[in-house]
Amino acid sequence: MNLSLELMLQLAIVVPFLAVVAILVTGHNPNLREGVTIAACLILIYLVVNLYQGLALGATISVLWWELLPGLTISFNIEPLGILFALIASFLWLVTTCYAIGYMRSHQEKNQTRFYLCFALAISAVMAIAFAANLFTLFVFYEVLTLSTYPLVTHAGTEKAQKGGRVYLGILLSTSIVFFLLAIVSTWFVAGTLDFKLGGIFSADVDKTLAGILLVLFVFGIGKAAIMPFHRWLPAAMVAPTPVSALLHAVAVVKAGVFTILKVCIFIFGLDLLSVLPTTQFLLYLAGASVLLASLVAMRQDNLKARLAYSTVSQLGYITLGALLATPSGVIGSSMHIVIHAFGKITLFFCAGAILVTLHKSKISEMRGIGRQMPLTMLAFFIASLSIIGVPPAGGTWSKWFLMMGTIETEQWVLMVILMLSTLLNIAYLLPISFHAFFPDLIPNKNQPNKCSNKAATSINKQPAIGITEAPLPSLIAIVITTLGCLILFIYPQPLFELATAVLTNRE
Amino acid sequence: MIAHLPALQVHLPVLQVIIPLMAAPICLILKRAHPVWLFALITSGLAFVISVLLLQQVMTSGVISYELGGWQAPWGIEYRIDKLNAFVLLIITSISTIVLFAAQTSIEKEIPKSKHTFFYILYLLSLTGMLGIVATGDAFNVFVFLEISSLSAYALIAMGKDRRALWAAYQYLIMGTIGATFILIGIGLMYQMTGTLNMEDLSQRLPEVAQTRTVFTAFAFVIVGVCLKLALFPLHLWLPNAYAYAPSIVTAFFAATATKVAIYLLIRFTFTIFGLSFSFTTIPLQTLFMALGLAGIFIASTSAIYQKNIKLLFAYSSIAQIGYMIVGFSISSVTGLTATLLHMFNHALMKSAIFLALGAVMYRLGNVQLSSFHGLGRQMPFTMAAIVIGGLSLIGVPLTVGFVSKWYLLLALLEQGWWPVAVLILLGSVLAVIYVWRLVEVAYFKEPLSDQVPVKEAPMFFIIPIWTLIIANIYFGIDTRLSVQVAQAAAMSLFGVTP
């Protein structure tokens, strides 16, 4: 097929959307419906990879769809950061679909057509966000993403899901309306344009205080980046089925948030301006506080998904922090962390879901000894934990390395200490899970009351007889793929590194 | 016949008003409800075509002045169509036509058969009144048409099947009459000072006597009277009940048009007749309207959150939306006025769609209490989806019309450097999220009540007009050329700026 790159760019947004229609039509036949989804995933990956290659060859592509108001356009282009986000999202969509087929069927979820439909719609929005050529386009699809994921969060339809959905929608819509939109209109008013441009769009003599306020509005307004105190939606969204938590709340939605932050920092403010704004330091500490506090809260969570959710809040803080450092190392670290954290966190969520469907356990205190029943899953959990913590042989090493470099370059010693402390906390809240799963009797669990350990102990006594019961095959395949991803990113980070470096050097 | 059309073209301004006026008594001859409905629909459709032609003509060749009966302007009555009222005429006639499409189905369940013919007569008279207020260039003529539209409106509201409709109509009657009287007193005082009733003439003669107490008094009477009609907080008390208990079709029609006509009057009186400098410099209208507009947004939105009757909920939301228009108006800049005009158009689209959808719910369930919405998301998917999209538009989500007007309003506020007000406007949208989502949650997450009989989707006569309006909500949210261009041109001409 010889499609022009312009066409491919548009197809990348349209294909998931067409998938929505196809899923709706084929909804009565689950096999066909899921076949359609997989086909859409494969086409999307093909398109995005082609775009990636096109970018590597130095092609510049821009597409104008529509001029909404004079000067305000819905238009798209490609640049390294967007490609990076699109690559990860499209690839993980495939993996997650694979996982979801196993999960949703064995969990006998209702309304599966709606699930796949909204999922595809969300991916379509993610692609549009990734390729957005201006802040306005990004904002439009940012809101589409919020609304299209609402039915996914409330999938179960229970009182709890409804409450979670309320928090989810409430925080994301309110922050985006009150802060983000205000920041966008003000930017439009001050700079006269909303186009993403390397080095920023503000003129050099812009009022620093005003720009500083705008930066705060942006960081608060991009609620999807879950900077404390606007993080509550993320744990609330954990009532969603695991594949949703996995892709959307560990990859697509939150990454759309930090991606937007990076975009704003690099292409709206520009690193030079960013480093001299009066509010940058405050926001850096806020991000640092977010990293540390979320890790502390994560330690206290007994529900595995909730613990992972808070871990995500903490890790998103890293990315925001890296972007706000306004140095090349910070940006490279943040960009790489988008990908690396995505692989790590999706694996952890997949494992959590696998444990839920196979052993029907969601509490960490009940998971002692499950390594005997689900060795592969727990091994994957262990490797992904290493990646999140940032130690070899997993990918997280690299991104944390660059983030640390960034803090040293800018002499932000407090932040450096925070990052180190947080790494220790990561170890403390992630590793014990896989450790206890394999060696339940080695260390008595001090944190848990006796009742729970008794319960855990009895379940251990009962269950070894069953032997190995891993998750459904499609889910297991997904887990293996993402785990391998974590390892490959450590051994072979070169392409990712190059793409992340190109973010700041790509000429337009 | 075709050959005579160009000759008719010069008479368009008066035909706009006279066709529905003449059609009303003809309904009496037709008598039976069904033909009357078709006839009213055709009449309204014709009015719509005329308003489109008028707008085209105004946009290409400027202001149209039409002398009624050939009497020259200051003595005779002049109909004067400029960009502003051509735009408002378009809003009124388009909504009226779309809403009428569903009328026959809706009133079958809400109004006794014997009154159907009268319903259409009143509807057409009310339409005539609104079109007359907007089209005329004569201040006293405004009052005449105001009475036509108001009197028919009282009767229409009183037709609601709930007995509280009578009380609501009575409340509206009292308040509306006070408003109309105030306007009349104001016009009388102006006449006394200038000796003219023609708007153009008034605008030229008023500045000479602007610094007199009589003109101040005239201004005060007119503004208060108009504000009563447009339900500006705190003069809004008549509106919620009137909207809630009127027949659904009437609510859909009035919510989209009646207050818009009053806002048109406000703009006409302040900008054209009294003039910008008098209205905004001599009189502190800006601070006053800004404060009242904001208070309206917050108080009405908060009241909306606590309503159990969904028509009442959206009626309060209407008062809040009027607040937005008033805030845009009070900025007194081209962008601000553009925002107000845009929001008049956009709000008409959202509210008519929502109230028509509520009419569909009323048709199936017989009431619109929040508890009746349990599980309606599954039972009436198209109707509920329409309410959700209408609600999103109300919140101002991008790609809906609500976003476009909000964008302009924010821009206008930032132009003046009024950051705090911009923040308040956005917080107002968050309140809209709350009251819309309360309904969404009940409709989609709650199981139907056990004593509730399962219902089917609304009939096609509802679904088609509702979705026409919803598609317009999205279409004009994306293709903003028509609405923005016209609104901007109208605002510019009011400020005397040439593009």
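Predicted model: local features only at pLDDT ≥ 70, side-chain atom pairs only at ≥ 80, totals over all residues.
What radius of gyration does chain B have, and how does this compare with a compact globule of 499 residues?

**Figure 1. Chain B as a whole.** Chain B has a radius of gyration of 22 Å, which agrees with the value near 23 Å that a compact globule of 499 residues would have. Along the principal axes, the C-alpha atoms of chain B fill a box of roughly 70 × 60 × 40 Å. The chain contains 21 helices and two strands. Of its 499 residues, 60% count as buried. Among contacts in chain B between residues at least 6 apart in sequence, 80% join residues at least 24 apart.

**Figure 2. Chain A as a whole.** Here the secondary structure comes to 19 helices and two strands. For the 508 residues of chain A, a compact globule would have a radius of gyration near 23 Å, and the 22 Å of chain A agrees with that. The box filled by the C-alpha atoms of chain A is roughly 70 × 55 × 45 Å, taken along the principal axes. Buried residues make up 60% of the 508 in chain A.

**Figure 3. Where chain A and chain B touch.** The contact takes 18 residues from chain A and 21 residues from chain B. On the side of chain B that touches chain A, α18 (401-415) and α19 (419-445) of chain B each supply at least two residues. Helix α19(B) gives the most to this side, with ten residues. By class, the side of chain B that touches chain A has 18 nonpolar residues, two polar and one charged.

**Figure 4. Helix α6 of chain A against α19(B).** This view zooms in on a helix pair that spans the two chains. The axes of helix α6 (residues 159-191) of chain A and α19(B) come within 10 Å and cross at roughly 155°. With angles over 145 degrees counting as roughly antiparallel, α6(A) and α19(B) are therefore roughly antiparallel to each other. The crossing of α6(A) past α19(B) is right-handed. Among the residues making the contact are L169(A), L173(A), I177(A) and L181(A) of α6(A), with L426(B), V430(B), V433(B) and W437(B) of α19(B). The contact of α6(A) with α19(B) has 14 nonpolar, three polar and one charged residues.

**Figure 5. Helices α13 and α19 within chain A.** Helix α13 (residues 328-359) and helix α19 (residues 494-505) of chain A have axes that come within 9 Å and cross at roughly 135°. That angle makes α13(A) oblique to α19(A). In passing α19(A), α13(A) makes a right-handed crossing. Contact residues include P328(A), V331(A), I332(A) and M336(A) on α13(A), and L496(A), F497(A), A500(A) and L504(A) on α19(A). The contact of α13(A) with α19(A) divides into ten nonpolar residues, two polar and no charged.

**Figure 6. The surroundings of E110(B).** E110(B) lies in helix α4 (residues 83-110) of chain B. E110(B) counts as buried because it has 21 C-beta neighbours inside 10 Å. Leaving aside neighbours within four places in sequence, E110(B) is in contact with K161(B), P247(B), S248(B) and M362(B). D162(B) is 52 residues away from E110(B) in sequence, and their C-alpha atoms are 9.0 Å apart in space.

Notes:
Residues numbered from 1 in each chain as written. Chains lettered and ligands numbered in written order. Helix = DSSP H or I, 4+ residues; strand = E, 2+ residues; numbered from the N terminus. Rg over C-alpha atoms; globule rule 2.2 N^0.38 Å. Buried ≥ 20, exposed ≤ 12 C-beta atoms within 10 Å, placed from the backbone. Contact = placed C-beta atoms within 7 Å. Nonpolar A, V, L, I, M, F, W, Y, C, P; charged D, E, K, R; others polar. Axes fitted to C-alpha atoms, helices over the stretch in contact; angles between N-to-C directions. Parallel < 35°, antiparallel > 145°, perpendicular 65-115°, else oblique. Left-handed = near helix turned anticlockwise from the far one by under 90°.
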